[in-house]
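Me: I would like to learn how to read salt bridges and pockets in a model. Please take the general idea before the case.

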Amino acid sequence: MGRRDEYESRAEKLILPIIEENGFELVDVEYVKEGSDWYLRAYIDKPGGININDCELVSRAFSDRLDEEDFIEDAYILEVSSPGLGRPIKKQKDFKRNLGKEIEFKSYKSINGKKEFSGVLEQFDEETFTVRTDNGEPAVYKIKDMAIIKEAVEW
């Protein structure tokens, strides 16, 4: 396990009790570098959506726990927010929640001359997911080949 994975895993273990205690859902934790800055981000949700007060509540408690444990070597910026529109689909629970719904996804490499796709999520397992495309045909993709998979946003 790399340093990034270790930090994300340990941070997730610290934030989960805070999330559960407040009746929220933990969507994702990520530790990423953008420019010269490191960010530790926690995305939270609840039925009806997350508001700024929810984010502040979790952020304060999470920050205190992170300070107590002090396991991240780099200076970083902590962010707690809603997953927003077009919520990412990363975990098995995300796939389950989106069964029968329109999703959008982008591959790392071109597949049949394309990198951007969409379709209705029909099934999934640990390694693949199947969508019904516009022409009604099922298509199977490997999860590891995707840069991003997210809920489709209709305007």
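The turns below go through charged pairs and then a pocket.

Reply: This is a predicted model, in which local features need pLDDT of at least 70 and side-chain atom pairs count only at pLDDT 80 or more, while totals for chains, interfaces and linings use all residues. Residues are numbered from 1 along each chain as its sequence is written, and side-chain values use heavy atoms, with hydrogens and water left out.

Me: How many salt bridges does the rule give?

Reply: Side chains of opposite charge can pair when their charged atoms come close. The rule asks for a side-chain nitrogen of Lys or Arg within 4 Å of a carboxyl oxygen of Asp or Glu. The count is 20 salt bridges.

Me: Where do glutamate 6 and arginine 10 lie?

Reply: Both are in helix H1 (residues 3-21), 4 residues apart, about one turn of the helix. Helices are DSSP runs of H or I with at least four residues, strands are runs of E with at least two, and both are numbered from the N terminus. The salt bridge between glutamate 6 and arginine 10 has an N to O distance of 3.8 Å.

Me: Is arginine 60, the partner of glutamate 56, buried or exposed?

Reply: Buried means under 20% relative accessible area, exposed over 50%, and partly exposed in between (1.4 Å probe, protein chains only). Arginine 60 is exposed at 55%, whereas glutamate 56 is partly exposed at 36%. The closest N and O atoms of their salt bridge are 2.6 Å apart. The two residues are 4 residues apart in helix H2 (residues 52-69), about one helical turn.

Me: What is the volume of the largest pocket?

Reply: Rolling a probe the size of a water molecule over the atoms shows where empty space is left. On a 1 Å grid over the protein atoms alone, a pocket is an open set of points where a 1.4 Å probe fits, with protein on both sides within 12 Å along at least five of seven lines; lining residues have an atom within 4 Å of a point. Points are joined across faces, edges and corners, and the volume is the space filled by probe spheres set on them. The largest pocket has a volume of about 310 Å³. Strand S8 gives the most to its lining, with 4 residues.
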